[in-house]
Each structure stands twice: as structure tokens, then as C-alpha cells.
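Opening the notebook on this one. I want to go through the sheet, the helices and the disulfides.

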Amino acid sequence: MTKRDVRRGAVRRGVLALAVWWLWMPLVAALVWLVKHAVFGGFGQQDQSYVLLVERLFLPNGGVLDAAPLFWIWAAIGLGGTVVAVTYVARESGAGYRGWRTRLTLAAVLLALAGSLVRAGTGLWDDDKDEGRYYAAATVLDIPAGGAGTPRSVLPVTEHTRAGDGGRCDLVGTADVPACVKTAPMPDFDFEARTASYAAATKALTDSAGLTSGVHLMGHSLHYLPDAAPGGGVWTAVLDGSGEQPMEGVAVWDGRSNSVATCAFRGEHAFGRAFAGTGAVSLRNLLAERFPDLVYSDQDIWGYCDGADPRTAEPVVVISVARQRGWRQRTVLEPAGVLVLRGSPDGRPDATYRADVAPGELPGAVYPASVVRSQIHEVQWLGGRGAKDDRGFGYAHTSASTNAVNPGEFLLRSKADGHLYYVTPLVPRESSSQLVVAFAVLQADRVGGGLNDLHVYVRGDDGPAVNLDVLASRMVSYMAQQTSISISAGPGGALQEIVPFGRDMWRGFVDFNGQTQDYIDLSGDATVTPNLVSLSGDITAPGGGRPAPAPTPAPTGPAPTGQPSTAPPTAPPPAPAGGCGGDPAQLTTSQLASCVAELSKALQGRVQDPAPARP
């Protein structure tokens, strides 16, 4: 065997080893995709999730130029094996390392290896910051002018700024993350208040909706539609099927009456799929096949009844969707519109994709709440890595016990402009303090063209201190003084949720047996007379009785500064026939408890003057 044959044999073995070394991982990935796509055809979620995973981990922008750190790690491993292969060929072929070809090849491979390690390192270091950069571009910090100066919670950003354009931004940050600061107080949105808590709506809709076995309330689809009914909003939830049972419809509760209505998928509006369905009934697989580039979270699913009478209205399911897009060396989620799902005579879902939705075109939120939460979380990057890591800059959802289940992204309608907004009270990110130092507000009834601006309205240090735990204590104390009922706060207590509305006004909901019986309105600065409103009625199955009318709320007004409020609670309406005036043996446990509470309050009012309320 000649030297030439030896050299050729060594080169062939080296090339074969390199091919196996480089191609085994892509070939395995392609084989997995082929099995998921061809063998498991019809299981669209598997196909979609796998493609999005590969894109997210390796090629977020579809090319090598801005590949993800994991791609560069794989490339570095491949180049390391290439160095070994070139060394083997040079040694086995007898060429050695003196030839210019061998030296040039080794130099090129080593240079590429070093470059891959650098790209992997910078990508890993900047991965979380790049996400912050993307969402920060649509974030505005609004700080009050005058007063005691710049709020301390925002100093890590404002200490390092320069003049802005004077329009959108009065100041811009000098860190490597875009920061926009506007000198303006929070406008008076005058949000419409809710009449029932999230927990009460969950209980009412879960217990009183669904007439078919295999149907369950889709908990994450619980959605509040402000001003959807005369005099207030309504709570809705999707009645989803399971297994081979399709979706039943949309349940609706107004938060005041004792009945739950349902608009059903039937007749001309049949719907043969369900989110929790299996096989041919799976709605998730169908949507993944039809819209492979759209993703969504369960909290972005909601429904409504398109018609005046829910019993004959058309049920509609809306999904606020997002799209995974490449951003630098990673991927991010950006809002991508909505999917509107309706039934059809043959039961095939009619799914319409709308990339842009203007205010008023749909009754609820069209901007994904899951994206809003990401935007709020990434506010921590506005001062750069140093402000985030060393000074703990940023804001977080409150951990107050009353709002443990539902801490933010409250969907509220502004009386000032009629738009829907996500409103979230915020506390300092790395602190034990539960003082509300800012409000995150984002318009929820418009989507299209990328991210909506997130406004973080920072409260001045000289403003009235607002602490949800303190507010809860004041509400509990006020109710104890005005009634004979002692309540507790927190997930296991009666006071379940405190939601902001109006200018510095808060509403707390008092739930008994899962039903909102009362609500209390307080101002954060204790200058407005507290308002205690008692609701009546028990939740029953659809058609199980006529709803009892809700009382008219007592008017609120400013109390003299420094003096306690003496406004009595609003009186409940007269008991309907069969209620507190009927046979006690015919009452349910919750009805009887409500009647006893009302009698106790009436007796207390006769034997003694009402105790003065605390400010």
C-alpha cells in the first residue's frame, strides 16, 4: 500500500467520523419531528410545541447569524471534535503538522471554536437582559411632579438619565436597557367598581353551571366583562368538555342575582370540540394545526353570549393569542391578535383569526394578560443589571393574604374614556413591605402592531400610605362596628379580595359560603365615608328561583378630616316570599345564616346607638 493510499484512507475515515459527529444530533431531531408529524398526525400540539421548542433553543431568527446560545455550544462541541479529527488525519496520513494545509485548517477551526464559545457566553449573559430590553421599549414610568421629590422606589432609574424628547419621555435612561420616564401623575381613570369577588364568581359559576356529565368549568377562563349588563359587569366562564364530551357553552353571572345563565352550543351553533377533549374532540390539537405559529395561555381564554337573552344568545369563545418571535439571540412572546370561536350547524368550530382588534369590537380583553404579567416582571431591567441585582429595583404583585388568589391584572373599565384596562397594584420587588408604591396600567381592549404601552404610575413618597393588609384590617373593624358579625381576612376568611377603583378608592368583598354577601368601600387616605353595602340572595341552579333585587348603594361623600364616619350600613331589601319571612324549615343553611345576621343587625340598632366608625 502506497503512502497515497494510506493518506486517502485516513482522510476518508476522518471525514466519515466528522459527518457522524456533526450530523447525528440534527438527524435525530429531524427523525423526532417526522414521527410527531407523520405518525401522530392530528395531534397538532405535539407538532407545534416541538417546532417552537427547536426554534427557541437553537435558531430563534431562522438563521445562524443570531442563533441561540445552545446552538453555539453545539457548534463549539462540533468544532472541538473537528480539531481531534484533523489531528488524527494529519498523524495517520503521515503529513504531520508541517504542511501549510494542516496548519491553516487547524487555525481556522480553533478560531471558529473560540468564536462559538464567545457567542455562547455573551448570549447566556445577555439572555435575560435581552428579554428585559424587548419589553422595556414599551414601558413608561410615570412619576408625580413636585411634592417631596422623586419617589424613592424609582431612584435607581432616575439617578442616571438624560433629557428626553419631551413628548412620550421627559427623561431617558443611560443604562443599556431603554428606560422612559414621564413626569405626570396617574390620571383619574374613575374605574367602575365590581360587585362580587373572583372567589365568589368561581363558586357561583362552578356550582350552578353545567347540565351535562363530563362538563366542567374551565377555571382559568373566568373573566370579568365590565359594563356588560345594565348597572354593572358580569362574570363569565367557559363550560368545557372532557374526553369525548364537547364544550357545552358559556356561563354568565351578574354578581348580584341568585341565578346563573348559560348560552349553549347547540342547534345552529353546535360545537364538537373541547379544550380538554381527547382524540378527534381535542380543540387544542385543531387550533395548533390551523394556527401553528400562535400560542396562548389558559388565562387568555374567555367567552361571552352574543345576544340580549343568554338562553337564546350565541356563545362565543375568544382567545387572546401571542406569537413567538426572534429577538436578538432568543425568542420573546408578542401579542398577535385574537381567535374568535363560534359554533356551526355541523358542529365544526368556526375559528376566525383577527390580527388587529379596535376598542369596542369585543366586550372583553383582547390583549393577553399573560403578556402583561411578563411586561410587569421585566420592569426590573429599566435601570440595567446593576440596579436590578445590587439595588433590587423593580415592582412585584402584592402578597397580601386577601389578594393571594387574585393579586392583579384586574380588568376594569374607565368612566373617563370608556376603555378597558388591566390594573395592578404593585409593591417594591425585593422588600417585605406591602405598601402600594405604584400601579401598572395597560389598555386591554386594543391589540395589533406589537406591544401596548405599559404605564407604571409611581406614587409619591408624601402621598397617603396604602397597605392592603391595613386596608383589610380597617374593613374588618368597620364591619364589626356596624354589624354583629366578626369576619377574618385572607384565603380562609370572609374578606377575600380588595380591588382598586376611582381615585384612591378600594372595594373589599365579604364572602360567606362562597357568596359575596357584602362589600365595603374605603379610601386609602381615610377621607371618604366608608360605605358598607349588604347584598342578599343565594346561588341556585339555572331556573331555580328569581333573583332578589340588589340594594341601592349608600351615597359616599367626604367626611370631615380627622373625624370618624358615622354612616350606617345600607339596609337590605325586603325579603321575598319564601325568604326570611317564610318557613325557616324551607331555608337552606346559607339562607338561614343570612337571615339570622339581618335580624341581629336590626336588634342591635334598636337597643343601642351605632358605634362610631374608625377613620
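Ground rule first: I call two strands paired if DSSP finds at least two bridges between them. Helices (H or I, at least four residues) and strands (E, at least two) are DSSP runs, numbered from the N terminus. This is a predicted model, where local features need pLDDT of at least 70, side-chain atom pairs count only at pLDDT 80 or more, and totals for chains, interfaces and linings use all residues. Residues are numbered from 1 along each chain as its sequence is written, and side-chain values use heavy atoms, with hydrogens and water left out.

**Sheet.** I looked up Asp518 and found it opposite Ser534 in E25. Strand E24 (residues 515-523) and E25 run antiparallel, joined by 4 bridges. Both belong to an open sheet of 4 strands in the order E22-E23-E24-E25, with antiparallel pairing. At the edges I have E22 (495-501) and E25 (531-534), each pairing on one side only. From one strand to the next the twist averages 20°.

**Helices on the sheet.** Which strands does helix H10 (residues 468-482) lie across? I get E22, E23, E24 and E25, with H10 running at about 110° to E24. Helix H6 (residues 198-208) lies across E22, E23 (505-512) and E24, at about 120° to E22. Axes here are lines fitted to C-alpha atoms, for helices over the stretch in contact (heavy atoms within 4.5 Å), and angles run from 0 to 180 degrees between N-to-C directions.

**Helix pair.** I then checked H1 (residues 3-39) against H3 (residues 69-92): they pack at about 170°, axes 9 Å apart. That makes H1 roughly antiparallel to H3 (the cut-off is over 145 degrees). The contact includes Trp21 and Trp22 of H1 and Trp74 and Tyr88 of H3.

**Disulfides.** I count 2 in the structure, taking a disulfide as a pair of cysteine sulfur atoms within 2.5 Å. Cys169 and Cys180 have their sulfurs 1.9 Å apart. The torsion about their S-S bond is about -115°, so this disulfide is left-handed. The pair links distant parts of the chain, 11 residues apart: Cys169 sits in the loop between E2 (161-163) and E3 (171-173), Cys180 in E4 (residues 180-183). Buried or exposed, Cys169? Buried, at 7% relative accessibility (buried means under 20% relative accessible area, with a 1.4 Å probe and protein chains only). Cys180 is buried too, at 4%.

For Cys263 and Cys305 I read 2.0 Å between the sulfurs, and a left-handed link with -85° about the S-S bond. Cys263 is in E10 (residues 261-264) and Cys305 in E13 (residues 301-306), 42 residues apart. Both cysteines, Cys263 and Cys305, are buried.

Terms used
Parallel < 35°, antiparallel > 145°, perpendicular 65-115°, else oblique. Buried < 20%, exposed > 50% of the residue type's maximum accessible area, 1.4 Å probe, protein only.
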